[in-house]
There are 2 protein chains.
Amino acid sequence: MNQVIVRLAQRPLGEIVIGEHLVVDRDVPVREQLEDGEVLIRVMWLSVDPAMRGWMSSAKSYLPPSPLGEPMRANGVGRVTRSKSDKFDVGAVVSGFLGMQEYSILPEKKIRKVVVPDGVSPRLALGVLGNNGLTAYFGLFEVGHPKPGDTVVVSAAAGATGSIAAQITKGVLGCRTIGIAGGEEKRLWLSNSLNLDDAIDYKNDDIGKALKRTCPDGIDVYFDNVGGVTLNEVLKRLNRGGRVVLCGAISSYNTPGSPGPSNYVNLISTRSKMQGFIVLDYAKQYPKALADLTCWLQEGKIKYEEDIVDGIANTPEALLRLFKGQNLGKVVVQVAGDGDLQAFRSSL
Amino acid sequence: MNQVIVRLAQRPLGEIVIGEHLVVDRDVPVREQLEDGEVLIRVMWLSVDPAMRGWMSSAKSYLPPSPLGEPMRANGVGRVTRSKSDKFDVGAVVSGFLGMQEYSILPEKKIRKVVVPDGVSPRLALGVLGNNGLTAYFGLFEVGHPKPGDTVVVSAAAGATGSIAAQITKGVLGCRTIGIAGGEEKRLWLSNSLNLDDAIDYKNDDIGKALKRTCPDGIDVYFDNVGGVTLNEVLKRLNRGGRVVLCGAISSYNTPGSPGPSNYVNLISTRSKMQGFIVLDYAKQYPKALADLTCWLQEGKIKYEEDIVDGIANTPEALLRLFKGQNLGKVVVQVAGDGDLQAFRSSL
C-alpha cells in the first residue's frame with residue numbers, strides 16, 4: 001500500500017517555501033509489518049499549528065526538531081485500521097503526533113483515545129477540546145491568573161487558541177476582554193460573534209492608539225500569541241502587577257533577528273511579569289481542563305470556527321495560510337476521503 | 001543661612017548634561033521657620049543611584065517625577081539640627097529623600113531613624129543596610145527564588161546592589177554565581193574579593209561566548225541591573241523554569257529606543273519568567289531583611305566597597321560616574337565637612 005506524505009526536506013531559516021522545505025511525496029510505501037504494540041492508523045484530520053515553524057528549525061526546544069527526510073510532525077486524529085496492541089482495537093479513534101501522511105504506524109504509548117461528547121466531531125480533539133483549548137486554559141489559569149474585572153487583551157484572538165482564551169476571560173471569568181486580529185472580518189467576528197468588549201484590527205488601526213482607546217484603565221493580563229510591535233505596545237500600558245502570558249510569537253517566527261520588546265523595561269516600574277509556558281507540562285491536569293472546556297462548549301460559552309483544508313497534499317499551503325493570517329479559527333486538514341469518513345462515522 | 005543645592009533644571013531625553021539638566025546653585029537661602037512636625041536636617045551623605053535617571057524624566061512611574069526647579073531627589077542620611085517634631089530630637093540620625101542639598105526641611109513622617117550596628121557608619125544605611133541591600137534581598141527572595149546549586153548570573157555585579165545580590169547567592173545560598181562587570185579591576189574584585197565562581201569583563205570579552213564558557217549547564221536565575229545585549233545573551237541560555245529578576249536596565253536609561261531583548265521568545269520553550277519589582281513594596285518586611293543583612297555583614301558573608309565623592313557640588317559628576325561604570329561599589333557623596341562629621345560622630 002502506498003500513500004502521500006509531506007516530508008520535511010530542509011529546515012527553513014526565514015519563510016517556509018513549499019517544494020523546498022516541505023515536499024509532497026506520492027507513492028511512498030506504507031510498512032507492511034507491525035511490531036508488537038504498534039497500530040496502523042488511517043489519518044483523518046491533521047492539525048496545523050504555528051508551533052510547526054519551531055519544530056522545523058534545528059534549535060533545541062521543548063521537543064526535539066522534527067527529523068529531516070521524514071513526514072513533518074503534526075498532531076492528528078485517526079482511526080486504527082490494524083492493531084498489534086492490546087490497548088487499541090481496530091476502529092478505535094486516536095490522536096497523537098500522526099505526522100503529515102495518510103497512514104501512521106505508531107507504538108501504543110504514543111497515542112491516546114479520543115473522547116469527545118456525543119454529537120461532536122472527533123476533529124475537535126485537535127482544537128477546542130485539544131491543544132488549543134488546553135493551551136488557552138493553562139496559559140490563563142497557571143500563568144495569567146485573570147480575575148473578574150481585570151482588563152485582558154488577547155492577540156491572534158481570531159485564531160484557534162486566542163479565540164478560546166478570549167472567550168474564557170470574557171464569558172467564563174467576566175473580565176473586560178479586548179481581542180486583536182488582522183482584518184475587518186475578524187474584528188467583526190470578535191465583536192459580534194464572540195461578544196468581546198472591544199476588538200482591534202491591527203492591520204487597519206494604529207495598535208498603540210487602539211490599545212489606548214480600548215483599554216483606558218490599562219491592561220492587567222495579556223495573552224500573547226504574536227510578539228512584535230503588539231507586545232511592545234501592550235507593555236507600555238500594563239497596570240501594576242500585570243501578567244504577560246507568552247503563548248507564542250508568530251510575528252517573529254519567520255524573521256529571525258526581529259527586534260525585541262524595548263518596553264520590557266516597564267515590567268520593572270509596574271512590578272509585572274512576562275512568563276512562558278508549554279501546555280505539555282500540565283498533562284496530568286488535562287482531564288479536569290477538558291471537562292471544563294466541554295462544559296463551556298455545551299453551555300455556549302465557547303464558540304469555534306474551523307478552516308478546513310481538503311487533502312494531505314494541501315497541508316503546506318494550509319500552514320502558510322496560518323502564517324499569513326488568512327484563517328479564521330482552527331486550521332485543520334481533512335486527510336481522509338469521503339468514503340473513509342463515512343466508514344469512520346458509522347464506526348463511532 | 002544659605003546653602004549649595006543641585007537643582008533639576010531640565011529633564012534629559014538622552015544623556016544627562018551637567019549645567020543643563022542638573023545645575024549647581026550656591027547661596028540658596030534655607031527657610032528659617034519650621035512648621036509643626038518638621039525638622040531641619042544637616043545632610044551628611046547622599047546616595048547616588050541609577051534610579052535617579054528615571055526620577056529625572058517626566059514619565060509616570062512608581063514615584064512621581066522629581067519636581068523641576070527643586071533640589072533633585074536623592075536618598076540621604078543626615079543629623080537633625082533643629083526640631084519641631086516630637087519623634088526626632090536634635091542629634092537624631094535620620095534617612096529619607098533629603099535631596100541634593102546641604103540642609104533639608106522635612107515633615108517627620110518622611111524620615112526614619114537610622115539604625116546600624118556599633119562600629120558601622122550610618123552611611124551604610126544608604127547602601128548595604130539600605131536600599132541596595134534591600135533591593136538585592138527582595139529581588140532574590142521574592143522574585144528570583146534561587147536554590148542551592150542553581151547557576152546564578154548577576155550583572156553590574158561590582159555595583160552597589162549587584163555585589164550584594166551576588167554575595168547572597170554565593171555565600172549565603174550556595175549557588176554557583178557568575179558576576180558580570182566592566183573592566184579587569186572589577187573582574188578581579190569579583191573573583192578574588194567576593195570569591196564568585198567566575199566573573200566576566202563584558203568590556204573585554206564577548207558576552208555570549210563568556211556566558212557559554214562560564215555557565216556550561218545554563219542559567220537558572222539572572223539578577224539583571226543592565227538590560228541590553230547582556231540580557232539578550234542570558235535569555236539565550238536560560239534553563240527550564242528560569243527566573244529573570246528585572247532590577248534595572250542602566251544600559252538603556254540614557255538611550256530611549258534602544259532595542260529590546262529579541263531572545264525573550266526563549267521564555268516560552270524554557271517555561272521561564274522575567275519579572276520586575278520595586279523594593280518599596282516590601283517595606284513591611286524591611287526589619288527582617290535588615291536583620292539578615294546585618295548578620296551576613298557581621299559574619300563576613302557580605303563585603304562592600306564605597307566610592308566616596310566629596311562635596312555636594314560634585315553630586316552631578318558622581319551620578320555620571322555611575323552611568324559610565326566608573327565606580328566600584330556604592331557611590332556616596334559626602335556632603336558634610338570634616339567639622340560637621342566630627343560633631344556628628346561624637347553625638348552617635
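Mentor: Two strands count as paired if DSSP finds at least two bridges between them; strands (E, at least two residues) and helices (H or I, at least four) are themselves DSSP runs, numbered from the N terminus. The model is predicted, with local features needing pLDDT of at least 70 and side-chain atom pairs pLDDT 80 or more, while totals for chains, interfaces and linings use all residues. Residues are numbered from 1 along each chain as its sequence is written, chains are lettered from A and ligands numbered from 1 in the order in which they are written, and side-chain values use heavy atoms, without hydrogens and water.

Trainee: What makes E13(A) and strand E13 of chain B a pair?

Mentor: Three bridges join E13(A) to E13(B), residues 273-276. The rule asks for at least two, so these strands pair. They run antiparallel, and A:Lys273 stands opposite B:Gln275.

Trainee: How many residues of each chain are in contact, and how much area is buried?

Mentor: By contact (heavy atoms within 4.5 Å), 31 residues of chain A meet 31 residues of chain B. The buried area, which is the accessible area (1.4 Å probe) lost on being put together and summed over both parts, is about 2,200 Å², with carbon and sulfur atoms giving 63%. In chain A, A:Tyr264, A:Ile268 and A:Arg271 lose the most area to chain B, together 28% of what that side buries.

Trainee: Why is the meeting of A:Arg271 and B:Asp281 called a salt bridge?

Mentor: The term requires a side-chain nitrogen of Lys or Arg within 4 Å of a carboxyl oxygen of Asp or Glu. The N to O distance here is 2.7 Å, so the pair qualifies. Helix H6 (228-236), strand E12 (238-246), helix H8 (266-269) and strand E13 (273-276) of chain A each supply at least two residues of the side that touches chain B. E13(A) gives the most to that side, with four residues.

Trainee: Why is A:His145 called partly exposed?

Mentor: Buried means under 20% relative accessible area, exposed over 50%, and partly exposed in between (1.4 Å probe, protein chains only). A:His145 has 40%, so it falls in the middle class. A:His145 lies in the loop between helix H2 (131-144) and strand E8 (151-154) of chain A, and its phi is near 45 degrees, a positive value in a residue other than glycine.

Trainee: What class does A:Ala156 receive by relative accessible area?

Mentor: At 29%, A:Ala156 is also partly exposed. A:Ala156 is found in the loop between E8 and helix H3 (160-172) of chain A, with a positive phi near 50 degrees. Most residues other than glycine have a negative phi.

Key. Buried area is the accessible area (1.4 Å probe) that two parts lose on being put together, summed over both.
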